[in-house]
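Let's take a friendly walk through this structure together.

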Amino acid sequence: MSKIIASCKDIIKTFNSGEAEVKALQGITLDVYGNELLMLVGPSGCGKTTFVSVLSGLLSFDSGVCKLMGENISAMNDDELTTFRGKNIGFVFQAFNLLPSLSAIENVALPLTVASRKRAEALALASEMLEAVGLSGKEDVKPSGLSGGEQQKVAIARALVHNPKFIICDEPTSSLDHKSGQIVMELLTKIIQEKGASMIVVTHDNRIYKYANRIVHMEDGKITKVAL
Amino acid sequence: MFRVAIEMLLHDKTKYLGLLIGVAFTAFLVSFAMSYFAGFMTRGFALVSENPSAKVWVMDSAVSSAEATINMSNSSLDIVRGVQGVEYASPLYLGDMTARYANGHFQSFQAIGVDNATLSGAPKPANLLRIPNSVIIDSGGTDGKLQTPIEKKDMWAYNGSHLNAVTRKLRYGDTILINSKRVVVAGVSHTIPRFPPRPLLYTSTSNFKRLIPGEKRYITFIMVRPATNIAPEVLAKRISKQTGLKAITSSAFKKETVMWYLINSEDVGDMVNMVVLAMLVGFGVTGVMLYMFTYENIKQYAVLKAMGASIKQLTDMIYTQVFIMAVVGSGIGVGISAIFGESISSASFPFRIMWFAPFIGFLGVFIVSLMAAFISIRPIKKMEPGIVFKL
Ligand SMILES: Nc1ncnc2c1ncn2[C@@H]1O[C@H](COP(=O)(O)OP(=O)(O)OP(=O)(O)O)[C@@H](O)[C@H]1O
Ligand SMILES: [Mg+2]
């Protein structure tokens with residue numbers, strides 16, 4: 001394994017929803033290396049989503065240190081963090097989260113649009129990316145016209161179009177049937193190898209464990225086991 | 001990002017159309033109500049508009065509208081005529097008269113007595129008033145109130161009133177009775193309808209005095225035409241100063257009359273309340289709809305934020321959407337109000353588009369849209385982008 005892409009130390013996160021207090025993360029320490037595919041597994045409610053939210057700068061936390069590409073994200077303000085995220089992180093969600101009003105190619109181009117890249121340039125890169133995920137010909141189709149697997153491929157293309165160093169996938173296969181899930185995982189593995197990025201995949205799906213370089217088990221807001 | 005914002009806005013055609021209709025309806029309501037109101041107010045100062053050459057109006061110092069009046073002493077005319085800069089001054093006599101029709105029905109009129117010599121203030125052809133005991137009548141915005149029987153046998157019948165006789169419109173040559181005195185209808189005019197509507201009766205000063213005898217003071221207004229070398233404002237001030245009477249320019253008098261209606265007239269008060277209520281409802285609905293539109297799309301904003309869109313980019317998107325809605329919607333609304341209003345504008349339905357009607361229509365929609373945008377931005381600023389995982 002090469003250099004460290006992300007590093008968390010003693011992360012604690014507590015949710016206060018009214019009376020109840022949920023200790024979602026109770027001291028998480030973990031390093032993510034360059035070029036690895038790390039899977040995060042564990043029972044429902046153990047804090048997996050909370051952890052990746054923290055790790056990607058989407059959620060503030062109570063204590064601990066979280067560094068991404070060597071930078072302490074707690075030291076950034078909201079705007080800096082947003083820009084940083086836009087440049088360095090790609091996301092794939094369980095529910096795809098494509099914008100229904102945009103065509104496939106426009107969806108893929110979004111991270112570039114957000115970064116104010118020229119439209120022609122953004123669409124050219126998006127088109128290449130769509131081809132890489134095997135969706136050439138579907139450029140102008142809206143999400144409602146695509147199957148679940150195709151939508152997730154669009155989402156993957158969108159997560160990768162701006163060449164992020166770090167890709168976060170929260171249950172990328174759980175809305176898909178087995179076959180589509182395998183295809184999506186193969187695609188992800190192939191692309192991070194080509195692009196040299198690191199990836200965290202949160203999953204319940206033990207049929208995709210085989211794609212992992214490391215599997216991190218969580219329970220009750222703590223890491224219980226790291227398997228190679 | 002503008003493109004994304006626009007695509008987002010146009011994506012759901014039904015929602016977009018709903019929003020558009022809401023905004024257009026509000027703009028329509030506002031500009032229509034304002035035009036309707038302006039139409040009524042224009043009728044409120046019809047007497048002033050009807051006499052465009054009278055640039056200065058003189059009245060008792062307590063009078064503040066063309067609607068509620070009290071008379072001045074009869075010498076005031078000569079006094080005003082003596083003021084330097086007055087080229088020409090003629091009196092206007094206002095009073096209420098009740099006329100008996102040939103079939104026995106009666107009707108009250110606002111009588112307007114005009115200067116014997118010049119007949120200025122009477123509708124054209126004013127010369128008809130030179131016929132002895134003659135009047136020119138006018139519906140003044142009313143309907144079916146100027147009627148006389150068709151058949152001779154129903155007129156002034158010796159056996160009493162023929163109230164159910166079939167009638168036709170009064171016309172040249174018909175007679176009516178006022179204070180038991182015979183009056184000849186010399187003409188029927190169509191001047192500016194009044195607010196509130198009332199039949200009008202124009203006649204000469206001498207006939208006016210014959211019909212309402214016994215009043216000590218007759219002169220209600222003195223209409224002044226200034227000499228060419230003096231501004232109406234200046235002359236008005238001079239007349240006030242020298243005579244102790246109230247003298248104001250015709251445009252100031254119109255404004256005062258509108259103010260008077262706003263303060264004193266229950267009808268206008270009700271109308272204003274209704275207009276304000278309609279505006280508030282329209283604005284409220286539009287605001288809530290715009291807010292809901294943004295709120296429904298909050299997931300999409302969260303996704304954009306996760307991908308690096310700054311708060312400024314997101315708020316710009318919302319402003320873009322709201323701006324487009326406001327421009328298109330209020331354009332449609334104001335347009336429809338103009339077309340609709342002009343097409344149904346009539347004697348019984350005043351409609352006057354003045355500059356402020358579309359202006360307030362647009363402005364109102366813009367303010368409401370901005371407010372809605374402003375409120376919509378709050379949840380977006382507050383949202384934890386982490387919710388993207390929970391969608
Ligand atoms: N915004 C929130 N407010 C309050 N409690 C929350 C919030 N988000 C998560 N939690 C709680 O924190 C704990 C961890 O939630 P998290 O979503 O991280 O679990 P998870 O491991 O991703 O579960 P799953 O496998 O079901 O997705 C849960 O008990 C959850 O109820
Ligand atoms: Mg989860």
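We begin with A:Asp220, which is exposed because its relative accessible area is 58%, and the cut-off for that word is over 50%. Please keep in mind from the start that you are looking at a predicted model. A:Asp220 sits in the loop between strand 9 and strand 10 (222–227) of chain A. Its backbone is worth a look as well: although A:Asp220 is a residue other than glycine, its phi is positive, near 50 degrees.

Chain A holds another residue with this backbone feature. A:Glu171 is not a glycine, yet it has a positive phi of about 50 degrees. You will find A:Glu171 in the loop between strand 7 (166–170) and helix 6 (178–195) of chain A. Is A:Glu171 buried or exposed? With a relative accessibility of 11%, A:Glu171 counts as buried, since that word is used for anything under 20%.

Two packed helices are described by the angle between their axes and the distance between the axes. Helix 6 of chain A packs with helix 5 (residues 148–160) of chain A at an angle of about 15 degrees, and their axes are 10 Å apart. Angles under 35 degrees count as roughly parallel, and helix 5 and helix 6 of chain A are therefore roughly parallel to each other. Their crossing is right-handed.

Next, find A:Val92, in strand 6 (residues 89–92) of chain A. A:Val92 counts as buried, because its relative accessibility is 1%. How far apart are A:Val92 and A:Arg158 in sequence and in space? The two are separated by 66 residues along the sequence, while their C-alpha atoms are 8.4 Å apart in space.

Now let's turn to charges. Side chains of opposite charge can pair when their charged atoms come close. Over all chains, a search of the whole structure finds 16 salt bridges. One of the pairs in chain A is made by the side chains of A:Glu36 and A:Arg214, at 2.7 Å from N to O. This pair links distant parts of the chain, 178 residues apart: A:Glu36 is in the loop between strand 2 (20–33) and strand 3 (37–41), and A:Arg214 is in strand 9 (residues 214–219) of chain A. Both A:Glu36 and A:Arg214 are buried.

A salt bridge also joins the side chains of A:Lys9 and A:Asp10, with 3.8 Å from N to O. Where do these partners stand on accessibility? A:Lys9 is partly exposed because its relative accessible area is 49%. A:Asp10 counts as partly exposed too, with a relative accessibility of 40%.

Over in chain B, the side chains of B:Arg168 and B:Asp174 meet in a salt bridge of 2.9 Å, N to O. B:Arg168 counts as buried because its relative accessibility is 16%, and B:Asp174 is buried as well, with a relative accessible area of 10%. Elsewhere, B:Asp12, B:Lys15 and B:Glu296 are joined into one network by salt bridges that share partners.

Staying in chain B, look for a pair of helices. Helix 2 (residues 13–44) and helix 8 (residues 266–296) of chain B pack with their axes 9 Å apart, at an angle of about 165 degrees. Angles over 145 degrees count as roughly antiparallel, so that is how helix 2 and helix 8 of chain B are placed relative to each other. The crossing of helix 2 and helix 8 of chain B is left-handed.

One joins B:Lys124 and B:Pro125, with omega about -5 degrees. B:Pro125 is in the loop between strand 3 (106–114) and strand 4 (134–138) of chain B. Another cis bond runs from B:Phe195 to B:Pro196, with omega near -10 degrees, and B:Pro196 lies in the loop between strand 8 (181–189) and strand 9 (200–204) of chain B.

Which residues make the nonpolar surface patch of about 550 Å²? They are B:Phe323, B:Val327, B:Val328, B:Ile332, B:Ile336, B:Phe340 and B:Ile344. B:Phe323 is placed in helix 10 (residues 311–344) of chain B, and B:Phe323 counts as partly exposed because its relative accessibility is 48%.

How values were computed. Residues are numbered from 1 along each chain as its sequence is written. Chains are lettered from A and ligands numbered from 1 in the order in which they are written. This is a predicted model: local features need pLDDT of at least 70, side-chain atom pairs count only at pLDDT 80 or more; totals for chains, interfaces and linings use all residues. Side-chain values use heavy atoms; hydrogens and water are left out. Patches are made of residues with over 30% relative accessible area and no salt bridge: like charges are joined within 9 Å, nonpolar side chains (Val, Leu, Ile, Met, Phe, Trp, Tyr) within 5 Å. Accessible areas come from the Shrake-Rupley method with a 1.4 Å probe; for residues, only the protein chains shown count as cover. A salt bridge is a side-chain nitrogen of Lys or Arg within 4 Å of a carboxyl oxygen of Asp or Glu. Helices (H or I, at least four residues) and strands (E, at least two) are DSSP runs, numbered from the N terminus. Buried means under 20% relative accessible area, exposed over 50%, partly exposed in between (1.4 Å probe, protein chains only). Axes are lines fitted to C-alpha atoms, for helices over the stretch in contact, and angles run from 0 to 180 degrees between N-to-C directions. Angles under 35 degrees count as roughly parallel, over 145 as roughly antiparallel, 65 to 115 as roughly perpendicular and the rest as oblique. A crossing is left-handed if the near helix is turned anticlockwise from the far one by less than a right angle, and right-handed if clockwise.
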